[in-house]
Structure formats: C-alpha cells, structure tokens
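Reader: I would like to learn how to read local features in a model. Please take them one by one.

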Amino acid sequence: MAKPFVPGTPLEEQAYAGKYQAVVDLLRTLDASGRQALGGVAARLVKISQAARYAYDDGTFAGWGRSPSDEQLRAVGAAAVVCGSAKVAAEGYFDVEDVIALAREFAPPSLEEMPAEMMRVASWRANIHDVQKLIEAGVVSRPQTDEYVLGLMLLFSHARMESRDVDAHFAADPGLKDALLRIFEVEGIGDVSLAAVDKYCHEDRTWSKRLVEFAQRGIYSRRLLIDRTLGSLERGWIQFRSGWFSQFHVRLAPTLEEMKPHALRYVSLLASRIPPTVTFALGVVKELEKADLLDPLPTLNALRPVFSSPVKSQVEAALKLGDRIVKREPACSGEAAKIILPALAHESAEVQKQVLQRIEVWKLDAAGREALAPYAGGIAATHRDTLARLMGATTVASGPAAPVQASAPAAAPADSLDESRRVAPIADLDELVERVAYVFENDTDTDEFERALSGLVRFAPLSDDARARFAPLARRIGKVRKPVSQQLARLLEFLLSGTRTAADSTVDHSGHKAKAQLHLIERVNDLMDFVAHAGGATPLGTPTHRRGFIDAPEFVRRLASHQASGVKSSQGDFLVGIMRLAPRSAAAARPELAKLDAGPLSQALRHALGEDVPGPTGDLSGAARRMRALCAGIRPPPREWQLTSTKFGNGKTYTRVDVSPPGEDTPVDPVTAMSLAVEKPEKSYWFAHNSVGGIDEGSILYFASLLPADLEGLFADGVSLLSRNLDWFEAQWENAAYLRQLLHGDVPVDSLAAVLLALGLAGKEPGQAAIATDALVQSHAEGRLDVAALAGSVRGFLRGDLAACARYAKSLRAALRIEAGAASAVFAVLCEAIAARPADPPKDTASLLELMLEIVLGHRIGLPAATREALESLQVGGKGKSLRRQLLAQPAN
Amino acid sequence: MQFAYRYAAPSSLTEAGPPKLALATAATDGAAYPYFFEGRLVRPRLVADLLVAVHTIVAARFFTPANSVAKAIALADPVVTSGGGLLRFEGFSSCCSAYVRADLLPQSYQGDIVGKGTTNVDFNEPMRAALARVRDDLGLAFSVGQQEFRLRSEAADVIERKVELPTRWIRGMLEVQSYQAGMERRFEMSAVEALRFFRSLPKASTSRTPLWISRGPAGLFTTTRPLDHGVRITDSSRLRVLHALLPLARSLSVYEDDAHQASAWVVDFGEARLTLALSAEVWRGFSGEGQALWALMQADDGEVGATLARVRAQLQWQAALDAPVLARELGTDAKVVEDVLRVLGASGLAGFDVFAGSYFHRVLPFDLSMAEDLHPRLVDARQLIGAGAVKVVRANPFEADVASGDSAHRVRDIDGELRCTCPWFAKHQGERGPCKHVLAAAVLRPESC
C-alpha cells in the first residue's frame, strides 16, 4: 500500500490539478536557478504519476489516488521538461509539441541530454519519431548514441509514419542523410537490427529495398554503400545480422568495376568467423579471380582458413578456386597442396576424397608429406590406402593396423540388488536435518527423497532437540515449490506443528493433474496417520536399493517387525512396498515368510512372492498378482505401438507414436491403474498427451520408482511424449528424465525402452540425443540392449517419415566415437534403416550408407544377405549411388 | 558501480602506408596514459585474430536472465598488462561466464617493452572491422599506448566512456583467478584433433545437459555420463570463439578443477597463447562462486597476514611469481607464500596463468579497496564471528552451531569436508564455495582437525 500523494508545493498542486497552463505560468515566475531548484519536485511527480499509470492491482494507484488523467500527465510533463534532469524529462514528457514550445521559451538544461535519454528509457520504436521532431524543430542536437541509431533503424518501418514519405524526413532534417549511415555501424539487438526489421516488415519498407532506391536516386552513391556494407561484414556480427549485409550486397549487384577497388577486402572476408560471410566472399572472390583481378599466391593463402571450415560447400568452393589458381599459375601447385591439407580433417569422406585427389596431382614436398600424419586418425576408411600412399609408405596399408573389433556385449546387466546400489537408512538426527535440507533444494534425487521421507517417519515424534534443529528448515517450508520436495515439507510441517496442510497436484498445459503427484500426496497423508503409532518403525515402502527397489527379505522382516511390535501397517504403504519388490529376491524371502501372521497383508505378500496360497481380494489383489507374475519371470505381453499421421491445412503432415494400453490379461496393479486413469486429451491436438508424471521432472522420476521392475508404463509415456516433440517445437526439458532411465545398468532396453531409445537418437534437442547415444553405448556394452527391437523401431520411424536419416547418422557416429565396440549394434541398426523404404528412400539416406561403409571397412564386417538385397533395390542417386556401389563391392558376410 | 574509461584517442588501425595498430590505453585516477609497447608483430594475422577473440568474448552475453534486455553490453574494456616481456590482454563476458586472456610472448614481436603496468585498453568497432583486413604479408607496426600521450594526463579532446560496472563483474574477474589456480591439465591435443573434436560438438546450446569430454581410442568424445577424469562443459557455443583460431595453433590444452566446476582451454600458438575459462553453467557466472573466500579469509590469519605485505613489496609486474623463489627471498615458508598469492589473486593484484602454472603480477584497474566487501558471504561470516554466533559443539570430529536469527545451523566435519544444514549449502553442496556458516565455523576449527 503506497503512501498517499499529498501535493505540498504550488507546482505539485497545479500539476495534480492537471492545469498545464497554470504550471507553465508558475514556471514563468521563476528564474533559471529557481526552476532548477524544483528538480526534486518534478522527479517525484514523474515517479508517482508514471507508477500510477501501470498500478493495475493497486487501489491507491501508487499513492496518486486515481489513474492519472492526460491533463495531469501533461502538467507533470511540463514540470519535468523545464525543471527536471534529462532522465526525468525523458520519462515524464507528455507531448512532443509541448516540449518544443517549452524548449523555445525556457531553454531548459535538460534538453542537451534529453533525446539520448528518450532513446534509452523507452522503446526505440515509440520515441524515435519524437526525437526526430525535436531535431527538426532545432531545439536539440542529434544524439550520438547507439540507441538513437537503433531508433533510426525503425524510423521508416513504423506504420504510424506511413503518411509521411522518406523525402519529407530528409527535407525536414537535412542532417539525417549522414546520420542514417550509422545504421551500418551498429549491430542492433534482439528485434531491432536491419536484419530483424527486414524480416518482419513489408517488402516495400525493407531497408534493402530502400537503400537500393536511395542509390538509384543518388541520395547515397553505390560506392559508399558498397564500402559501408563491407565495413559491416568486417565487424563479424552474429550470423543473422551479418547475413543481411551479404544479402544486401547481392541485391545491390555491384559490377566488377565497382568491386575492384575493394578486391583485397573481399579476400580478407574469407577469414570471417561468420559462415554466410565466407560463402558470400567465396562467390565474389571467384568473380574477381575469373576477371584476373587478384594475385594468385596471396589469394591462395587467403583461402587457407576456408579449408578448415566445417561447411562442406565452402570447402568444395575453395577447392575449385584453388584449381583455377593452380591452372593459371602452375608454380603454385606445391604450395596449394599444403594449403588445402586442413580440409582432410573434414568429416565428409567426399571432401577428403577431393582433397586427396588434388594432393596426388599437385604433389607434396617432404615437409608436406610429414604434415599429412596428424590427419591419419580421422581419415575415412575408404581413403586410408590413398593417404598411406601419399604419406610415402613403402607398402600400401590394407586398413588400420589394428582395427577395433565390434565387441560382443558383456555378460549380463547390473544386479538391482548389488551392494553398491544399497540405500543406507539415515543414521542420526544430524544427517536427517542435512538430507531434508538437501531434498528441499534438489527435487530430482528420488533416492534421497525416499531416505529423508523414511527418516522423518522413523525419527517421529520429534524431540525438543530435533525441533530446535529443524527450526531453520521450518522457516523454509513455505518456500519449497517443487511438487516432490513439497510433500517432504508437508510431512515435516505435520511433525513439527501437527498441521495437515492441503495439497494438490500441479497441472500440465491442458489442465490435467499428474497422477504420480496425487499418489505421493496420498502416500504422505497415509504416513501422517502412520507416524502416530509407528514408534520409530520403518515405513514398508522405503526402498533398500536405488531406483526404488526393495529387497524382498528385508520387506518381509519389516512387516514382521511391525506385527511383532503391534504397529498397524498402512495398507497404502504396503502397496507401495510390494510394487517395489525386486523379483529376483523373492526366493530368498520365502523362508522369512514364516515370521508373518495370517493377516491379509501377510497373505498378499505370500501370494506375491510365489507361495502356493490363494490370492488376496480387493485392493491388494492387483498388486499381489502383478508381483507374483514378475517374480515368476512373467512380464506382460509387449504393448503395441503404431505411427499416427495427421495432415493439416498448411499441407504439413505430423506423425506421432501412439502406444496401446496394457492388454486385458495384465493384472491391474496400483501403478498400472495410474496409467489407465490418465485422462485422454480433451482436444485432439496431435501433440497432446497426458502422462502419469506430468510436466515435472521430479514427479516423472517418482513415477519411475513405483514399479522399478517393469518400466513399460513409464516408457509408454516417454515414447508418446518424445514422438510428439521430436523436432523440439516446444521446450520440454523434463522429458529427458524418461531417457535417463535407460542409462541405469539394471534397466533392460527392450520393447518400449528400445522404441524410446530410437526416438531419442533421432531427437533434435542435442541434450536428449546425447543421452540416447550414451544409452545405446552403455546398454550394448552391458548386454541389456535388444538390438533387433531398436533396429526395428528405427526402420519403422524412417518408413513412417517420423525421423530423419541425418540425425540417426549423427547419433550413431557419436556412439562409435564413444565406444568403437558398439559397431555391431550400430551396424545392425543401419542394416534395418536402409531397408526402410528401398523404392523411395528417405532424405539423406546417403549419410547412413557412408557410415555403414565406414563400419564395413573399419571393422571388416561383411554384409548380410538381406542387407545386400536391400542395397540392390535401393533407389538412390548421386553420392548415395556411389556409396551403394562401394558397399556392394564388399565381401558378403 | 559507475566506472569511466578515459582515453586520449581511440585505438585505431591505420592503413594508409605501412599498417599500424595503435591501441589506446586508459588513464586512471588522473595519472598519465600508460605507454607499454612500440614495435612490430611477427605474425600480424594471428595477433589480429587473438584481439578479435578477446573482443568477441568481452562483447558477448551467453545468458540473458528472464525479463532483462537482451542487449549484449560490453561492460568493461579489456585489460592489458605489460610485464616480464609479456603483453596480456584480459577480458570478461557480460554474463560473467567466460574469461579470456591473450598472452603475447616475447617471440611474437620485435620491439621494446617500454613500460610496465596494467590498464584498460580501448577496443572499438572500427578497429574491430579494420582487424579483419590485417595480412601477414603487409606486416604490422604495433603500439600499446603512445609516446605523445605518455606525459599527458588531461586532454581537451579526451574520450570518456562511462559504464555501469556491476560488482558481479569485478567479483567474477577475481574469482576466475582462484578457479584457475586450482585447475589441472586433463587433455592436450594437436590442433587437427581439436578441430575435428570441435566439429563434433552440438551446434545448438546444451545448457540443460552437461557434457563430459573424455578421450577414447577414436579421439575425444562427449558423453552425458559424469567421468572422474573427464572435463565437464555446458553450452559448448562458448567454445566457438576458438574455432577460427585452431587452424593457426600448435595445440590445445584443457584444464579443469577437481570439482568439475570450471574449465580452461588454452590454445598454444608458440609465440602466443589464448586462455578461455568457462564457468560451470552459462547462467552461473564466476561471480557467484566462492573459491576465493577461503583465501580472503586467510588474509586475517597471522602468518599469511604478516607475509602479505612483504610479498606485495616484491611485486614488480613479474610474468611469473614463483612461490619457492619468493619464499627463499623472504625467508619464509613456500606454503605461506602460496596462500599469500591466493589472497593476492582474490584481491585483484595477481592473475593466474594456468598454462604456466603460476601467478603473474597485475593490478586490475578498478577500485580494489572494496574487494572483500564484494563477497557478501565473507562479510557475513566476519559478522557472525564478531557477534560470537559460532559455538563449537565438538572438537573432533568438528561440529559447531552457528546462530542464525532465532535458530542455529549445524556445521559438521564429514570426511574432512565441512557441511552445513542451511538451505544455501543444501542447494549447492559446497560446489560454489563455502556458505557463511562454514566460513565462520572454520575459523574456530582446531588446526589438528
């Protein structure tokens, strides 16, 4: 609540009354120093009245008492311009015509800096016209700031000025012509730059069109514009902004005669850091070279940086330029051969081939041959012989000295119950306080969340000492915002004050609640009841191992302990626990079952662990049946998935993956029930999918910990979500959590996990693609990757136009860089991928063929008959055709 | 804090006749315009590229916080240091997540180092454009400061540029030295290998997924899996400035601290080097790190405090401050001198050359009297100690309660590391330096612990 503004001086009274003329009359009665002395009053008036304009939720209007009227703002503006500093005047002026009149009458000192401040404090778009009017009126001098130049960039693009043509501007402000040239010197920001203006305004108002017109009308000479354009390109601004200048140069279409004086500047631009500038310079240099306007050797030297460019077309253009120069000046050939060497580091085998061909013709001296050595490591397998020959090897190598073998996978996936994966219970109060504090701030560490949750229950009721120790955290409770951490905060608050705060799930973009969060809220409510009589007992759902797993014998002992000490176990907690059992520990737990009573929980557990007892009924039934099946090694049948394409009015077809719900023969346990309970999207947006975990990473990870032995439900969500956002049209960072599950050494990558991996490898977002690449390498090395399932998914996605070959080629190549042993898996994927659509292969199939050839040659893998058949029917042209021929020339498997 | 650069003339590259690059130096506190160097460059194109790299980082903003203007404002002009035959140009990005330094070694020039010292140097857009036209075959005369301005501290046509220099910028500039001092070399690779590796990096930002760089049989690669001996990096777009330099380089070395919080990339050209230090995340500049706090806390320590003034008296713009040599000269322990150098680094009185593995003398041309005040945690820790807020619960293993309002945080020694129960420590787990409670408690920890 702002303090009410009470006018205390005559100036304030007149301004608040909205009497512009009275304010001016009052100022007339003062001399210059008297007016300046009112600077503080003017600043205060501006501050409060401007705040009041935007105080939408403040009943006091920032103390002004009402939304300021135009009359009030005009009167305040007069005080600001005449008495205030330049900044106050710029913030407070109301009408530029008033400013002109006041400037002429009072010549306030603020005028000198006012235009610069006007461009600084408000949007350039709005204020540039007022600044121009002040300049045209001759009451201020032109600002020299970059902000003014940004305003000039918008001067002619504004719809408000359509009635006034450019000539009127030049006529009213003769200095504008020279000042305008500074648009070539200021890079611009965000949406204010020549590139941005031209991108978002009508063609008739674009700078490129206007400047060409100005040149035609003689306002600026073409020579001047060419010079300024080159100056801008030399500054190396970011690609988007630099690109405008190279495009403008093309539009200006200078003749050879016009370019000739700048020949060396064009050559210098070959070293630019900005790829479009290099492409542009290559084009011009080619023209200049054709016209014999360049010295051969310096030009060849200037091409040196281009041979290190990652842009294939630039390297190829530079090679062709090199050809012309050597043809014209054959004595340069030896030097040319050395200069083009860096292009051998290019990842494209085709570029490497072109370089090697030239080196063979142009010949390297001894030093040059020595300089070839560093490139040997990255040379494509197809060119190793040529490189070896050029290096002067006496015998031609038939391949790498020691090819890396595509290794067979390791013996078995990691054991979920390995001792290294054990989650130790919290030992003492000190650790509990520290861990709770940690989880408050780190919501995605599910293992620590579970430790802290269990620790709080075990240490309840809290002693006075514990309460004192938790006091700083108690103050933090209200600030914990992340859904998972919030539930720990709720439990702590309950333990400290007995207060059960209400809680609800967050909602996703379509308003749906996350079932995983609702489950956690319910669980914490349950634990609040449990602590009342728990007496330090461990909650049944507490994991003993990472990822949520519970060692079955330990679970049985917990339940027995509850029963022995008369603690009433919570059924909800029991259900969480039973779903987390590690199936492989079932056998070890059976001898312990004798310790249990004959109650329903004990019976359900006996059934779940495979004892020959009748299954429970009611809520316990689904969980017990599901775990019994898992303990017996029976997983539900794989869930079906299919591609669904939707064609839209814009002519584009969008494809996604839909996963069918679990089969009817699958027992509906509490976790599966969550998946089934998720509402279908109300509107049929092609990209909509409501998931159990929602849009919070912590909640997704919590969901993953609820049935760690079978993540099909989780992966179904992951597949649906990733397939709808493969091109990253929306930043959904939380979905990386699905892919990260594939990195765990005890998660089999088969069925839907393999489908998810196939999607991750084709993702546009580099972080997700990198996680997927790691998952491929790691799961293959650990023997948990179903290569056939992955390859089949990739083939399906390519056939259905969901994924792009180039992205697969990139991810698979990255996998080989990490671990050459993954070659067998990568090769298997490639074999399926090229067979996706032989008659109508997807775009960039050649990138897959190139990688395949690398593997075949580098790892001496023979082509399977089916792949040979697919290659023979593959309808590719150009580079792909040549690669296909080379592949078919390789020996069979 | 408002900071004004005052130059007698803008830096310029004159091309009429033999080309000459004249870098203008700033006068500080009414002193004369420093004059450091006059001569010729051996590889003009290389030096031009290095200066462009410094300019690029200084003008860069790799992270723009939400609701702030997306304008990349070059907050501070680069700093030049002349001493020990080296000319060093240092700069810092506006977001404080990238630090750059170009070192010109004596082999890189023919001429005279005519002065020693540190000051700001003017880098302007026209000069940046002219640098693009520098060619080796035309040669390049080079000066840092000018003889004619040497005796002039005031000029009618002085160029003055005022900037609002946030304290985070200065804090980051100090902090980055402490980080570098704790780094070790992880990889060294040829320029060709480096070029190939850089091309394999994603073009789009990976700021949400940290990548770990490691070396395998096929060369360097990146992975999302944390590796003990790998180098952690987020948003590899910050490395782009090095791409254009690699074709001219001999090798690239990568350094990192043990906690994988910052990395330094040093491109070696033989006669020159470029160091690029990157913070753990783009949104997390060096300014928020607390690596310098331990050193600054030590400044009060008896032995370190007493030696500090004596070491300062030895500073003469040396290119390398060798702790054992200084210790011998001062008749004190090398370990104490190392601690003193850390304090000097954190105070802006020394930079760290990670390639050489040593500090060098330079005095940042800013008001350093408030260097300690720039660290709120340090100030708070001192207040806690002053208020007697630290109560030792147990000496071994060390435990202390640090009063905070009406409650207390517990600081405990766990496996040699002091951990606190405060939210700040809970969030960062010591990765961003100690919290104020740990800093305060550490003072009362017995030496033997």
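Author: This is a predicted model. Start with accessibility. Residues over 50% relative accessible area are exposed, those under 20% are buried, and the rest are partly exposed. B:Leu444 has 39% relative accessibility, so B:Leu444 is partly exposed.

Reader: Where is B:Leu444 placed, and which nonpolar patch includes B:Leu444?

Author: B:Leu444 is in helix 13 of chain B, which covers residues 436-444. On the surface, B:Leu444 forms a nonpolar patch with B:Ile385, B:Val392 and B:Val443; together they have about 280 Å² of accessible area.

Reader: Is A:Tyr148 buried or exposed?

Author: A:Tyr148 is buried, because its relative accessibility is 2%. The residue sits in helix 10 (residues 146-155) of chain A.

Reader: What is in contact with A:Tyr148, leaving aside neighbours within four places in sequence?

Author: The list includes A:Met119, A:Ile128, A:Val131, A:Ile135 and A:Leu176, along with A:Gln132. The side chains of A:Tyr148 and A:Gln132 are also joined by a polar contact of 2.6 Å.

Reader: How is burial read for a whole helix?

Author: In helix 35 of chain A (residues 619-631), the buried residues include A:Leu620, A:Gly622, A:Met627 and A:Cys631. Their cover includes helix 32 (571-579), helix 33 (586-589), helix 34 (600-608) and helix 36 (670-677) of chain A. Just after helix 35, A:Gly633 has a positive phi of about 80°.

Reader: Which residues other than glycine have a positive phi?

Author: Two cases can be compared by their surroundings. A:Lys363 has phi near 70° and lies in the loop between helix 23 (349-362) and helix 24 (366-371) of chain A. With a relative accessible area of 56%, A:Lys363 is exposed. B:His260 has phi near 60° and is in the loop between strand 16 (251-257) and strand 17 (263-268) of chain B. B:His260 counts as buried, because its relative accessibility is 12%.

Reader: Where are cis peptide bonds found?

Author: Read omega for the bond. One cis bond joins A:Ala460 and A:Pro461, with omega about -5°; A:Pro461 is in the loop between helix 27 (446-458) and helix 28 (464-476) of chain A. Another joins B:Asn396 and B:Pro397, with omega about -5°. B:Pro397 is in the loop between strand 21 (390-394) and strand 22 (399-404) of chain B.

Key: Residues numbered from 1 in each chain as written. Chains lettered and ligands numbered in written order. Heavy atoms only, no water. Helix = DSSP H or I, 4+ residues; strand = E, 2+ residues; numbered from the N terminus. Buried < 20%, exposed > 50% of the residue type's maximum accessible area, 1.4 Å probe, protein only. Contact = heavy atoms within 4.5 Å. Polar contact = N/O pair within 3.5 Å; in protein donor to acceptor, adjacent residues only side chain to side chain. Patch = residues over 30% accessible without salt bridge, like charges linked within 9 Å, V, L, I, M, F, W, Y side chains within 5 Å. Areas by Shrake-Rupley, 256 points an atom, 1.4 Å probe, with all protein chains shown as cover. Salt bridge = Lys/Arg side-chain N within 4 Å of Asp/Glu carboxyl O.
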